[in-house]
Amino acid sequence: MRSLACNVAGIHFNNPIVMASGTFGFGKEYAKLYDINRLGGISCKGLTLHPRTGNTGARVFETSGGMLNSVGLENPGVDAFLNEEMLYWETIEPVKIANLGGSNIEEYVLGALKITSDAEERRKQNRKAVDMIELNISCPNVKEGGIAFGVKTNIAREVIREVRQVTSLPLAVKLSPNAENIVDMSVMCQEEGAECVSLVNTFSAMKIDIYQRKSVFNNMYAGLSGPAIKPIALRMVHQVAKEVTIPVMGMGGIASASDVIEFIMAGASVVQIGTYNFMNLRAGEELIAGIQSFMELENINSLDEIRGII
Amino acid sequence: MHTIVSNECISEGIYLMTVEGRFTARMGQFYMLRSWNQAPLLSRPISICNIEPDCIQFLYKVAGEGTRMFAALRAGDQIQLEGPLGNGFPEVTGRTALIGGGIGIAPLLYTAKQLDKPDIYLGFRGQSYLTEAYEPYANEVYVKVNGNLLEDLDLSKYDNVLVCGPLGMMKAVAIMMEHTDTKVYVSFEKRMACGIGACYVCSVMNKDRNKKVCSDGPVFLAKEVEWHAELSL
């Protein structure tokens, strides 16, 4: 019997397909198109303690093999997520990951506290709850003049240390490829007690409108995702997976089942699917089927047989 | 996948694509169209121009890589359609005017067919197109090529005005009718990624909150829109 099951931080995933934050909303929209209960997990739209309206101006621009986004974390806030979206999440099966950002450490800590106490309360009542927090450290750090928390290891360490103290939920840290040293960063996450690292977030990038003579984005830079970044993301996942003992959620430009297998061979425990959801609204079920076919073809019974073999 | 019946250039850079199949949709809704595999990355949101018992029609303007690829499609080629998406225009009653500017006329044909002979005002730069198709479904079709269409109109007699066109035009109608009881509905176009409300790239600032063009819109009540936020772009 072939099994696609995976385990991350003691949490069982039916398969390695996890939908990446910001590309899947809270899942409802895609549930109209296919059975999202078949997914391994969902990382929700990036939350912040307070609601955010996001960036003004253009928010998306296509590039060769990729896209730039500058949504600016528009989201309903942690409370609205817990009070409204969780009612829907209680009805679905995939592993539930709350993606949390912030512009200062206090926001991260308060957000994590609320999510954690909500999850504890729901569990007591035998209801489904958030299974894991994924910390988005690619947010600009207001105190440090807007440089993302996830660039310097010692700055990111403070956030993770503080959040670790207030949550009993398994903690994943979503790493930025813009980190000065992504391997050091992931080792630090492990030292600080994170159960998992997920990588990579988008690459800081740019597009200039040569007729307007200015950046397409009001924020100047935007995040590059999509197939264009896959080879770099894969290399980073490989490097990190070699250095840490905690599980790695691999992502960056995955757009086929063979891409998923590459990330697993590079050492990822599970993968996250982001931009591919826009290219193919039924990406989830097609990738799961594609992985199954590959396992049949190669006579693989469990993904453990190929994980980290490179 | 659906089969293209025809894909004609009806004016400079303007194409009318007819796709085989049985479709049901509300007026003002759209589809995400895709005729390629990986590149360009994103599908393209195109409003419904017309639905017949055995086909659907999309009127589009070649504006970039995706629409250039659409323009190269021939009868018999395949295209992927996701939809119908969005909410479209509400089922209005009373005296109704439809105002279209340029390629913004696209959703108004199917809209006119659902209404009881509205008055239709269509404005163009350079050359008009497809206007004769609106005649059977209108009380009156008024066409203006070059110049300000809105200058010629007395909208005070209408209970509803449905507009699709350039932002400036939609805003101008919104301002003209601001202190009247006429309900003005505007249909937005924005770059989209998912088209279904998950990605937040097509937000439009409304008075109460941000709304998504794809899933909350593309039609909004004009007085709800924060126009300064849209036109400062």
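Begin by selecting Met206(A), which counts as partly exposed, its relative accessibility being 40%. This is a predicted model. Met206(A) sits in a loop of chain A, with strand S11 (203–205) on one side and strand S12 (208–209) on the other.

Next, select helix H4 of chain A, residues 153–166. From first C-alpha to last, the 14 residues of H4(A) reach 20 Å, close to the 20 Å expected at 1.5 Å a residue. Within H4(A), colour Thr153(A), Ile155(A), Ala156(A), Val159(A), Ile160(A), Val163(A) and Arg164(A), which are buried. They lie on the same side of H4(A) because the arc they cover around the axis is only 165 degrees. Asn154(A) and Gln165(A), on the other side of H4(A), are exposed.

To see what the buried residues of H4(A) pack against, display helix H3 (105–124), strand S8 (132–136), strand S9 (171–174) and helix H5 (182–191), which belong to chain A.

Finally, move to chain B and select Asp54(B), in the loop between strand S5 (50–52) and strand S6 (55–61). Asp54(B) has a relative accessible area of 51% and is therefore exposed, the cut-off for that class being over 50%. Then mark Phe23(B): the C-alpha atoms of Phe23(B) and Asp54(B) are 7.7 Å apart in space, although 31 residues separate the two in sequence.

Key: Residues numbered from 1 in each chain as written. Chains lettered and ligands numbered in written order. Predicted model: local features only at pLDDT ≥ 70, side-chain atom pairs only at ≥ 80, totals over all residues. Heavy atoms only, no water. Helix = DSSP H or I, 4+ residues; strand = E, 2+ residues; numbered from the N terminus. Buried < 20%, exposed > 50% of the residue type's maximum accessible area, 1.4 Å probe, protein only. Expected span 1.5 Å × (residues − 1). Arc of directions from axis to C-beta. Contact = heavy atoms within 4.5 Å.
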